[in-house]
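Please look over the model shown here before reading on. The briefing that follows takes up strand pairing, salt bridges, nonpolar cores and a database annotation.

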Amino acid sequence: MDDTLELPNAIAPKVSLADAIQEEDEQSSDGEDGGLDWTKLIPEAVRPVIPKRGEKEFEPKAGGGSNLQLHVLDRARSAMLEALRATRTTSSKAISYGVWQPSLARTHVTVARGIHFSSMGHSAPRSLLGENGVEKIQKRLELLPEEAIYLIERGSMFCWKETDLNLTEVSGAFEVLGAPMSVQQGYSEMIGTEDLTLDRFQVFSYLKRLGYVVTRTKPPTSYYPTPPNTVIVNSAPSIFQRISSLFPTWASWLSRLCGSFDWWRPMRISRWLHHDKNYGSLFRSLRFIPSGHGVPLRQSKSVEVESPYQIFYNLYKPSTPFKKTAPPPPDFQIVVINARTTPMPTLQELTDLFDVLPELPTPLPRQRRPIPGTTNPAIPGPAVSENAAPTQTLNNANQLPPSLFRRLFPWAFPRPAVAQPLIPVRRPNPFMALKAGKKMVVIAVVDSGSISFFRFSQGAFTEWPMM
Amino acid sequence: MSSDRQRIPLRIAGKRAYVWDVDDIATIRAQYRLCGVLTGTLPHLSQQNAFLGVPLVLMPEEVALLLEIDAAVLIDDPKSHIQPTMPELQRWNAGQQESIRAQVAFTETKSARESANAGRAMSEDALRKRKEREERKKAEASRLAEIAARSDGDLLALSEPTPAQAPPIHSDPAVSAAGNQTEPLSSIPYAVVVSAPSSSFEWYNPSGRFYSSLEDARAAGVWDYPSTLEERARCGVFSGLWKQGFFMGGGIKFGGDYLVYPGDPLRYHSHFAASVLVSPISALRPMEIVAHGRLGTATKKAHLLCGWDDEKQEVSYLSIEWAGFG
């Protein structure tokens, strides 16, 4: 909150921050191909300058502040307001055009310019009335409401609103395709369509301003490109997994070996075998309560109310190569909630979220040279999730959660007295792995305009027994 | 209508209140000591989040307060955007064409002058002189633009229900340097202006969609805050603190509902993080007190517990600070 409120300060800087903040978009590239930088034509006052923030004072003097304080405050305010008065001007060579169609909740892009369209908009087949009166299906570029508002707002797109007027009577340097829209009209009419709320839009534009690529997780239509296997199940464990997770394998093995498993005496020390007379096996035999995220949660679905905790956006880092038509698996997935109406997520809600999320690779220790031959689980994304954990060799198997095989036949793996393998193998640090968790979701909490991002991850403590 | 003129129009869409006019933002801040949150992307500085631009989104408590003191009027914004009629659209288009022509003419004269100067623009002295000339020209242009904008604003004000500021379309300096020749427009670039407020459109018409009281707005389904006990408590606490002269901002990052500032947050640090309790006898877990005390101390703030008594319509305040006895 503080950062949005305590912004400007009295000193209006001489050097405009506009020069410091590089605009990566078409405006800069436009200057190169002979176009004129029209921002230079605007009187200096119209160009926004971010007021510098400086030291704040503790409190105003009694009676509303001293004269100096009032003066400084006045200058700070006018610096802020001056920055707000900036107008959106874009060169005609760089601006895109679109037509907002409220009935579809889409903006049809008629002229697409600039790099924004490499990560925004999708093509959708729509039936058009051809010249001879025959309907035909044609693909065209469409924007979701949040994409349209964002582009209008940053001055990259001029948007018309679809009208039923005969527009052939209006002509000029550019084609008039409807009623011209203001940014205000974009906010008024586009927010509320296609599941877009102001909170979600604010999160969208916040992340876009930071340079992320943001797409919808749930495709609004079947034409909307989705990454492979994210929406579809990686989810609930199979029946076999559920049943087997109820009975840890060693327990079933024990019970098979020693008859019925006694809950009051979980430890059975064999008289003849020597292998279980060490701490490892003792602790292992004490872990007899089924645990971990593989164990299904006791469901208490009494009322079917849709949880506000639904993944809404997929997020790609600016560095991730992004192809609009075939998006890769997202780097992050984001839930947007309203702080005023939504309580903390319940365990059920978190579990439901994690059920649809992909598993993350185990983090590797930093700054080690990679060992040839080991697969590199440092690649982000869920694709490597399945084989991420068991990448280690048998040498350091004792550092890993015991494998199924090992748990079934612990005697086949006498605990090595010398556990040091000859070659230093990169081992994941268990604490880093626990901290990072196996699955991760980002929750954006919006309280009337101020956004906080929280990261919830699913720690897998059962997979990293310390003994 | 005259009383409505002094009231600040809040554009309501989807039960959220927006302020699009910078002058209104100034009034709300200076006169009514309310901050709201700026949320829009700032034009020309669109890749940063440090300072955002219009619209100003007001907290619902701020809207309720402005209504309570008869300082604002709610406008049903989606319904105020009416489809323009043909003549209106034609007039708008004519204005655009005029602006483009002026800009193109300006560019042409400028580039002509530059090419004429090209040969002797080498020496340092010449460069310096040119710079001076350009600066003078710029100042002149901005002055003329201001004049043009003012006169245009007056013209438009006749047809507009709200006291509009000059539409940005006309505020381009090129207007003043207009020549009137018609040229092939496609080859020379010109500036396209996307206007932020709709009030520059002739067809934007909020008249008849004003709601000056909470009851009216609620009956029309435009606005309904506060409607629950919790919302009433928040409004009660908010206006209680406001009436004592404090400024309030959102306090979610400090574990409270509001941050309470002794003066404008532009210049002063907040003293309290306030949290609202819906009744003076509502249960409070000791852990909350510990957490509030801890966080407050770490951020040099005292935590303020504000208990709302819905029957008596009053607030009782209690502040928590770490005692610091070692």
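In strand β12(B), B:Glu314 is the bridge partner of B:Asp309, where strands (E, at least two residues) and helices (H or I, at least four residues) are DSSP runs numbered from the N terminus. This is a predicted model, in which local features need pLDDT of at least 70 and side-chain atom pairs count only at pLDDT 80 or more, while totals for chains, interfaces and linings use all residues. Residues are numbered from 1 along each chain as its sequence is written, chains are lettered from A in the order in which they are written, and side-chain values use heavy atoms, with hydrogens and water left out.

**The hairpin in chain B**
- Strands β11 (residues 302–309) and β12 (residues 314–320) of chain B pair in the antiparallel sense over seven bridges, pairing being assigned if DSSP finds at least two bridges between two strands.
- Four residues separate the two strands of this hairpin, and B:Gln313 in the turn has a positive phi of about 55°.
- B:Asp310 forms a salt bridge with B:Arg232 (3.0 Å, N to O), a term that requires a side-chain nitrogen of Lys or Arg within 4 Å of a carboxyl oxygen of Asp or Glu.
- Because B:Arg232 lies in helix α8 (residues 229–243) of chain B and B:Asp310 in the loop between β11 and β12, the pair ties together parts that are 78 residues apart in sequence.

**Salt bridges between chains**
- Over all chains, 25 salt bridges are found.
- B:Asp23, in helix α2 (residues 22–30) of chain B, is paired across the chains with A:Arg85, in the loop between α4 (67–84) and β1 (88–91) of chain A, and their closest N and O atoms are 3.0 Å apart.
- B:Arg16 forms a salt bridge with A:Asp199, with 3.5 Å between the closest N and O atoms; B:Arg16 counts as buried at 18% relative accessibility, as does A:Asp199 at 7%, buried meaning under 20% relative accessible area, exposed over 50% and partly exposed in between (1.4 Å probe, protein chains only).

**Nonpolar core**
- In the largest nonpolar core, which has 120 residues, B:Leu10 and B:Trp223 touch the most other members; such a core is a set of buried Ala, Val, Leu, Ile, Met, Phe, Trp, Tyr and Cys residues joined through side-chain atoms within 4.5 Å.
- Apart from it lies another core of 11 residues, including A:Tyr309 and A:Leu357.

**Annotation**
- An unreviewed UniProt entry gives "domain: tRNA intron endonuclease catalytic" for residues 234–312 of chain B, and such annotations may be inferred rather than shown by experiment.
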